[in-house]
Amino acid sequence: PAPMSGGELERCGPQAPLVLLALLLDEAGAHREAHWRLRTELSELLARPPTEQTAALWFAAYPLAYREPIAAAERESGLPEYFFQALCREESALDPQAVSWAGAYGLSQLLLSSAQGAGKLVDPPVVVTRAEELLEPNLSARLGAVLLGSQVRKLAGHLGLALAAYNAGDDIAVGWWKRFAGQPFDVYGEEMSIKETRGYVKRVLQTYGIYRWLYAGAPVRLPIAETMPAR
């Protein structure tokens, strides 16, 4: 992307120094730090439609941090390009050392039990004995993608259902599939009974769409089928 001009920075008003700092961090390779500033302190700038002059902000806010292990994990698990990248951005803010209040670890925010289950799905199996092992980006990315890939396949290839399973568990996602089969995706998106999961699914899909738009030149639209799959 083209760098922001001095005039464009001036239009950011008193936030201009923070914008410049975020862009410099991104340019220096500190992608996680740059994107975190943009999604918190400077989030209102991303509410405006992107322009050629502000493209650098969008690339910094949606970086390809840890792309090598994440891309390898996407390929191994048969996931669409940038889908797991979007999930990691929303799960951990691309921080491989993230640990949640619920005991989820690493880039893909796996519980130890989930990681152990995912480890059995690869050949040869991967054995995880301590949750702290999931702070290693390659392992977290691989096992998170394996788990998500298995959920995509289990749920008729529907990315919205797979995200619900990743967040709330397979049984709940299957129950929603039974309830909303054949209905418009919008109905499912608005009527999932767990508020946290409802917001999570929308957020990851939106981020996935932005990644596709930025890095693959895909159309700006929700990257998912309009109708829920039949059972």
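Reader: Which helices each supply at least two residues of the lining of the largest pocket?
Author: First, some ground rules. This is a predicted model, where local features need pLDDT of at least 70 and side-chain atom pairs count only at pLDDT 80 or more, while totals for chains, interfaces and linings use all residues. Residues are numbered from 1 along each chain as its sequence is written, and side-chain values use heavy atoms, leaving out hydrogens and water. A helix is a DSSP run of H or I with at least four residues, numbered from the N terminus. A pocket is an open set of points on a 1 Å grid over the protein atoms alone, where a 1.4 Å probe fits, with protein on both sides within 12 Å along at least five of seven lines; lining residues have an atom within 4 Å of a point. Here the helices are α6 (83-92), α8 (137-154), α9 (159-168) and α12 (195-216).

Reader: Which residues lie nearest the centre of that pocket?
Author: Glu91, Ala104, Gln109, Asn167 and Glu196, out of 19 lining residues. By class, the lining has nine nonpolar, six polar and four charged residues (Ala, Val, Leu, Ile, Met, Phe, Trp, Tyr, Cys and Pro count as nonpolar, Asp, Glu, Lys and Arg as charged, and the others, Gly among them, as polar).

Reader: At what angle do α5 and α6 pack?
Author: Angles run from 0 to 180 degrees between N-to-C directions, with axes fitted to C-alpha atoms over the stretch in contact. Helix α5 (residues 67-77) meets α6 at about 130 degrees, axes 8 Å apart. The pair is therefore oblique (under 35 degrees is roughly parallel, over 145 roughly antiparallel, 65 to 115 roughly perpendicular, the rest oblique). In contact (heavy atoms within 4.5 Å) are Arg67, Ile70 and Glu74 of α5 with Phe83, Phe84, Gln85 and Cys88 of α6.

Reader: And which residues make the contact of α6 with α8?
Author: Those axes come within 11 Å and cross at roughly 115 degrees. Phe83, Phe84 and Leu87 of α6 touch Ala141, Gly144, Ala145, Leu148 and Val152 of α8. That makes seven nonpolar, one polar and no charged.

Reader: Where is the peptide bond that is cis?
Author: Most peptide bonds are trans, and most residues other than glycine have a negative phi. The bond from aspartate 123 to proline 124 is cis, with omega near 0 degrees, and proline 124 sits in the loop between α7 (112-119) and α8. Tyrosine 66 has a positive phi, near 55 degrees, and lies in the loop between α4 (55-61) and α5.
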